[in-house]
Amino acid sequence: MVSRQLLRSCQATADALPLREPYSSAQLVDDLAAARGRPIHITPLTWLDGPSLPCGVWIATGDTDYVFIAKGATGVHREQIVLHEIGHIVCGHGSAGSSELLEQLMPNINPATIHKVLSRSSYSQPQEREAELVATLALARMSRLATMTRPTDQSGLGAALGRLDRALGADG
Ligand SMILES: [Zn+2]
């Protein structure tokens with residue numbers, strides 16, 4: 001369920017994102033990094049493809065933001081994951097981990113460690129909802145703007161917008 005207040009604040013957040021052609025999460029990541037003065041690295045990782053793991057993780061170090069996404073994700077699904085993590089960043093939810101955590105993880109990543117780390121650092125349900133709504137609204141905005149160059153994966157976009165419709169419809 002999505003309250004009107006949450007929808008309004010998420011819409012404002014999505015509207016404030018610096019979108020320009022070509023409308024993609026990659027372009028947005030570049031522009032957002034420049035605006036924030038902090039590089040954002042998007043890295044696909046195979047170990048994020050596990051069924052009980054989140055599709056993306058944001059880890060902030062002193063001067064850089066790292067966003068890890070499931071390697072198997074493609075098309076609109078991949079865009080949605082990146083935008084979801086961007087949602088956590090612009091909503092100021094705090095990253096899933098520190099540079100110490102990153103150092104711990106990077107040399108020798110194994111699923112058991114990841115499960116332990118992620119279960120310790122998960123976001124609250126309202127934060128997850130907020131990030132997901134910002135991602136969906138940003139995706140919808142990109143799709144509206146890109147009338148000439150629409151994403152090829154329309155079914156994925158349709159599914160995302162369908163979820164949004166249902167979420168909004170559930171609000172009394
Ligand atoms: Zn999340």
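**View 1. The bridge between Ala60 and Asp65.** In this predicted model, Ala60 has Asp65 of β3 as its bridge partner. The two strands concerned, β2 and β3 (residues 65-70), are paired in the antiparallel sense, and 5 bridges join them.

**View 2. The open sheet.** The sheet is open and consists of 3 strands, in the order β1-β3-β2. Its pairing is mixed. At the edges lie β1 (40-45) and β2 (56-60), each of which pairs on one side only. From one strand to the next, the twist averages 20°. In general, the strands of a sheet pair through backbone hydrogen bonds, in either a parallel or an antiparallel way.

**View 3. Helix α3 on the sheet.** Helix α3, made up of residues 75-90, packs on the sheet and touches β1, β2 and β3. The direction of α3 makes about 145° with that of β3.

**View 4. Helix α6.** Helix α6 covers residues 125-145, which is 21 residues. Among the buried residues of α6 are Glu130, Glu132, Leu133, Val134, Leu137 and Met142. The buried set also includes Ala131, Ala135, Thr136, Ala138 and Leu139.

**View 5. The protein chain as a whole.** The chain contains 7 helices and 3 strands. Starting at the N terminus, its elements follow the order α-α-β-β-β-α-α-α-α-α. Of the 172 residues in the protein chain, 29% are buried. Among contacts with a separation of 6 or more, 69% join residues 24 or more positions apart.

Methods. Residues numbered from 1 in each chain as written. Predicted model: local features only at pLDDT ≥ 70, side-chain atom pairs only at ≥ 80, totals over all residues. Helix = DSSP H or I, 4+ residues; strand = E, 2+ residues; numbered from the N terminus. Expected span 1.5 Å × (residues − 1). Buried ≥ 20, exposed ≤ 12 C-beta atoms within 10 Å, placed from the backbone. Pairing = 2+ DSSP bridges. Axes fitted to C-alpha atoms, helices over the stretch in contact; angles between N-to-C directions. Contact = placed C-beta atoms within 7 Å.
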